[in-house]
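Biologist: Could you take me through a model like this one, giving the general idea behind each feature and then the case at hand?

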Amino acid sequence: MTDELTQPTPGGDFRTTRWTQVSQAKANSPEGRRALAELCSAYYEPVVAFLRYDLRDADAARELAHDFFAHLLAGEAIAHAEQEHGRFRSYLLGSVKHFFSHHREALRRLKRGGGVTKVSLNETEARSVPDARVLSPDAAFDQQWALTVVAHALEALRRECVAEGRADFFELVKPWLTGDTARGDQTALAASRGMNGNALKVAIHRLKQRFRQLLKAEVAGTLDDPGLVEAEMRALFAALGS
Amino acid sequence: MASSTSCPKCGAVLPLTATAGLCPRCLMAEAMAPTQIEAESAAQPPLPLEQIAPHFPQLEILECLGRGGIGVVYKARQKILNRFVALKLLAPERVLDPKFAERFTREAQALAALNHPNIVTIHDFGQAGGFYYLLMEFVDGVNLRQLLRARKFTPEEALAIVPPLCDALQFAHDRGIVHRDIKPENLLLDKSGRVKVADFGIAKMLGTANARGNAGELAAPENATQSTVGTPGYSAPEQQADPQHVDSRADIYSLGVVFYEMLTGELPRKPIEPPSRKVQIDVRLDGVVLRSLQQNPALRFQQVSEVKTLVETIVGDAGLPPAEPAAQPVSPGKSLPTASSNTNRTQSEQKGQQRMHRPTSVTVFGILNIVKAGYGIFVAITSAALFLLAPADSNIQVIKMLHENPAYAAWVEFIIPLGLLGCIVLIIAGIGLLCLKSWARRLSIAYAIYAICTGILATAVNSIFMIQPFFKNQQDPQAAATAMAGLIGGGISVCLGLIYASLLLLFMLRPTVVAAFHPPAQPRMTPA
């Protein structure tokens, strides 16, 4: 299992960093910082999703996310990494919440200090009318995290196929990754690629398997303990549920 | 948020741009659910028991019974009621339909209302720890697949199973519930030979909203994971073509397939060969089987009860007494309780199966029991003869004591018959072991305990009696020596007896021996 995770694919920037490296590294070591920086750049979107819940404005959320990561990477954030049950996801969410509550405090102080006494209606209005369709910030974070994980794994698979010269195969076959659909088209596809039906079935099956491995590796990269991959995947799947 | 429509397959509303236009939820679900081919060799372990137990505080989770396409089944004990139950956890990634919770509850309620001796009862259902679960009756037995693997059924045995099966199905059909997945893995037989149908309606519970099912499409092996189309080989043609609109006649088809497989040992192939051409059965049974297997539902039996009536008529006419489940333990090696089968082939086949499974060490102990008992009887008889026939003025120490010491005489009168009784019990146990009777094992254990207790008692009492004269005749070395000799001699034979009894006891408690008499029968689930 470890070999799968650390195997670099040719031409792809498949992440070999593991969350273990970050949590075990001492705060000021260059390896720890680099590992953390890599992980952060990969899981940028979930932080944006979390911030967008309160800020509503996509651009403002991005800006604040940028500030957050700068703060994270500069500071001693690694110090309390061990407390988060070995999950990068929990760690990042905790850090963002912490950062954001400080940010709001600072904003409030600024507003009061600036002599503006009237209460910002936008803020309270947004609070008091909960939109049933919109998820809570934690749920938004988790959902975006799950999306990011799946997207990364799919992209890694695509890059592998491209590296093997099978880019068009990937494009044609990728609908099958969501389960068997439009079964009748398989025979036509097989004929067009010069394969018989069974060969195509096997190729699809292998692609699915590879996707599964990549997805598991992606998830495992954010965990301390590889044994927790199944549980984490279940949690992420639940986060995707409507 | 990028505009995203709801996925036609799972109904989730998620952005698709990051995942090349594919629904992320479906991608993940598919990646989490192992495909049919992998499921059989999957190293994916079921959840460790410690992770499940906290979610079910009222249960003691004992062991994992099996894993299938639907989920994992555990054996558990309800602590307060102190009864065994089966806990089935439905795998979350199988739950693709967002309206699952609602359907699950509705289906589970309908199933809970199915209270029939031949249907596995549902005790409870709900959600815990992220899983949907079903709490069911625990059936201590085997499933039909295991029996089929062991050997083919005789016609009588098959005919014994079909009527109660029909009862169960008719009962459910009368209440508007179709099983949709009748196959040998879902038919359990308990220790008394009673058949129980499991997993009623689970298929419908897990069914996906098959909006794009094309008519006339045959289910490929990969589609077997979608339970609404049933299991290939057992599901009716109309079920594979249009899973949303099946009725009770689909169950009749599946029953026909199972019946065929029980009789011939194979699945019916096109063109269908009547079973009577493959095995020696009443030709009228052909009619029953073939009519059940009609491709057109309108041509099949319309009610399961018709099948039962016909089968019972045939059985009655042929002069075979209708078989009833008798109270006998069932194992792959033994025959099912049936009417007396009058073919020699079957009887020797049964005996042959028995011999194949009996460990030779059981034979050894069976013989040893008889030998030891014989020796014991010999000793008892000669001792009795010695005591009864020896003249009163004999020089032998024990004879003197017998006549001088009334307590000793009473003791001898007590211990010899007791010994004889033990030997008789031992002979019976030995014969029982050789015939692999289940009571023989328990009898051997009882004898061993009895022998150990009486052996210790006898040693103690004999020692007391022997030591008395020893102390009395301290000045007489010869008498002392004789006393000592008597003590030791008696002691040795008692020791040997004790050793044998201990060996017997330990041997009978060994798991392999227990298995030979009570084979572990667990309903094993194979991927749907």
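Modeller: Helix α6 (residues 155-174) of chain B lies across β7 and β8 of chain B and runs at about 35° to β8(B). Helices (H or I, at least four residues) and strands (E, at least two) are DSSP runs, numbered from the N terminus, and two residues are in contact if their C-beta atoms, placed from the backbone, lie within 7 Å. Angles run from 0 to 180 degrees between N-to-C directions, with axes being lines fitted to C-alpha atoms, for helices over the stretch in contact. This is a predicted model, in which local features need pLDDT of at least 70 and side-chain atom pairs count only at pLDDT 80 or more, while totals for chains, interfaces and linings use all residues. Residues are numbered from 1 along each chain as its sequence is written, and chains are lettered from A and ligands numbered from 1 in the order in which they are written.

Biologist: In what order do the three strands of the open sheet in chain B lie?

Modeller: Two strands pair if DSSP finds at least two bridges between them. Here the order is β6-β7-β8 (chain B), with antiparallel pairing, and the edge strands, each pairing on one side only, are β6 (141-143) and β8 (195-197) of chain B. Neighbouring strands of this sheet are turned by 30° against each other on average, direction ignored. Strand β7 (residues 187-190) of chain B is joined to β8(B) by three bridges, and B:L189 stands opposite B:V195 in β8(B).

Biologist: How many residues of helix α1 (residues 24-32) of chain B are buried?

Modeller: A residue is buried if 20 or more other C-beta atoms lie within 10 Å of its own, exposed if 12 or fewer, and partly exposed in between, with C-beta atoms placed from the backbone. Nine of the nine residues of α1(B) are buried, so this helix is largely enclosed by the rest of the structure; among them are B:R25 and B:E30.

Biologist: At what angle do the axes of α13 and α15 of chain B cross?

Modeller: Angles under 35 degrees count as roughly parallel, over 145 as roughly antiparallel, 65 to 115 as roughly perpendicular and the rest as oblique. The axes of α13 (residues 360-389) and α15 (residues 406-434) of chain B come within 8 Å and cross at roughly 155°, and α13(B) and α15(B) are therefore roughly antiparallel to each other.
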